[in-house]
Amino acid sequence: MTKPSVPATALLPIRLFFGATFLYAGLDKLVLDPSFFDASAPTSLHAQLVSFARFSPLGPLIEATLPFATVIGLLFAVAEVAVGIGALTGLAFRIAAAAGAGLSFLLYLTASWATKPYYLGPDLPYAVGWVALALAGHGDVWIPSWVRNFGMPSEEPSPELTRRAAGRARRAARRRARGLAPE
């Protein structure tokens with residue numbers, strides 16, 4: 001294996017920070033914060049969406065989704081966990097990073113939209129950072145072997161098996177050249 005490049009290694013801290021942050025955010029919603037899915041709680045997703053609808057450019061869309069706040073919250077939390085795991089392990093890394101960018105941009109358009117000046121809000125920098133990670137990839141840095149080998153055959157074919165296949169291919173080519181049917 002070759003040594004990872006400096007740019008790939010330089011992206012590792014942001015990859016680990018973003019991955020851990022998204023994993024924690026998703027688990028916080030799913031496990032640690034019982035009020036997140038309780039529509040009557042003042043800190044619930046439903047209450048947050050009502051607030052976001054007042055100032056977000058997506059206000060009418062947010063209002064239309066209010067009856068589905070619990071389902072949306074569940075999907076969002078599961079997506080955050082998946083993005084976090086993808087960033088930390090490297091599994092489907094570019095897809096996870098692109099999804100992280102999408103989630104962050106959606107949060108920018110809703111939760112951070114009213115933050116002035118815009119650069120004081122956290123979600124837009126997260127979105128841009130995720131885009132950088134999606135473009136760069138994981139650079140094969142800090143990737144567990146099970147991820148590196150995911151979907152690959154567990155063993156190389158034996159040389160004998162390869163020689164047999166090559167011999168069959170040569171015989172079939174000779175038969176075709178003589179106008180005979182393959183075996």
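Leu133 touches Leu11, Ile14, Arg15, Phe18, Phe93 and Ala97, leaving aside residues up to four places away in sequence; contact here means heavy atoms within 4.5 Å. The model is a predicted one, in which local features need pLDDT of at least 70, side-chain atom pairs count only at pLDDT 80 or more, and totals for chains, interfaces and linings use all residues. Residues are numbered from 1 along each chain as its sequence is written, and side-chain values use heavy atoms, with hydrogens and water left out.

Leu133 also belongs to the largest nonpolar core, which has 13 residues; Phe22, Trp130 and Leu133 have the most contacts inside this core. A nonpolar core is a set of buried Ala, Val, Leu, Ile, Met, Phe, Trp, Tyr and Cys residues joined through side-chain atoms within 4.5 Å. Buried means under 20% relative accessible area, exposed means over 50%, and partly exposed lies in between (1.4 Å probe, protein chains only). At least two residues of this core come from each of helix 2, helix 5, helix 6 (93–110) and helix 7 (123–136). Helices are DSSP runs (H or I, at least four residues), numbered from the N terminus. Apart from this core lies another, of eight residues, including Phe36, Leu45, Leu49 and Ala53. As background, nonpolar side chains tend to be buried together in soluble globular proteins.

Among the buried residues of helix 5 are Gly73, Phe76, Ala77, Glu80 and Val81. Their cover includes helix 2, helix 3 (45–55), helix 4 (59–65), helix 6, helix 7 and helix 8. Helix 5 is followed by Gly90, whose phi is positive, near 90°.

His46 sits in helix 3 and is partly exposed, with a relative accessible area of 27%. With residues up to four places away in sequence not counted, His46 touches Ala39, Leu66 and Ala69. The C-alpha atoms of His46 and Thr65 are separated by 9.6 Å, although these residues are 19 residues apart along the chain.

Some nonpolar residues lie on the surface instead. Tyr24, Leu27, Leu30, Val31, Leu32, Leu74 and Val78 form a nonpolar patch there, with about 650 Å² of accessible area together. Such patches are made of residues with over 30% relative accessible area and no salt bridge, with nonpolar side chains (Val, Leu, Ile, Met, Phe, Trp, Tyr) joined within 5 Å. A salt bridge is a side-chain nitrogen of Lys or Arg within 4 Å of a carboxyl oxygen of Asp or Glu, and accessible areas come from the Shrake-Rupley method with a 1.4 Å probe.

Most residues other than glycine have a negative phi, and most peptide bonds are trans. Ala92, in the loop between helix 5 and helix 6, has a positive phi of about 50° and is partly exposed at 44% relative accessibility. Trp142 has a positive phi of about 55°; this residue lies in the loop between helix 7 and helix 8 (145–148) and is exposed, with a relative accessible area of 53%. Finally, a cis peptide bond with omega of about -10° joins Lys116 and Pro117, and Pro117 is in the loop between helix 6 and helix 7.

Conventions: Patches are made of residues with over 30% relative accessible area and no salt bridge: like charges are joined within 9 Å, nonpolar side chains (Val, Leu, Ile, Met, Phe, Trp, Tyr) within 5 Å.
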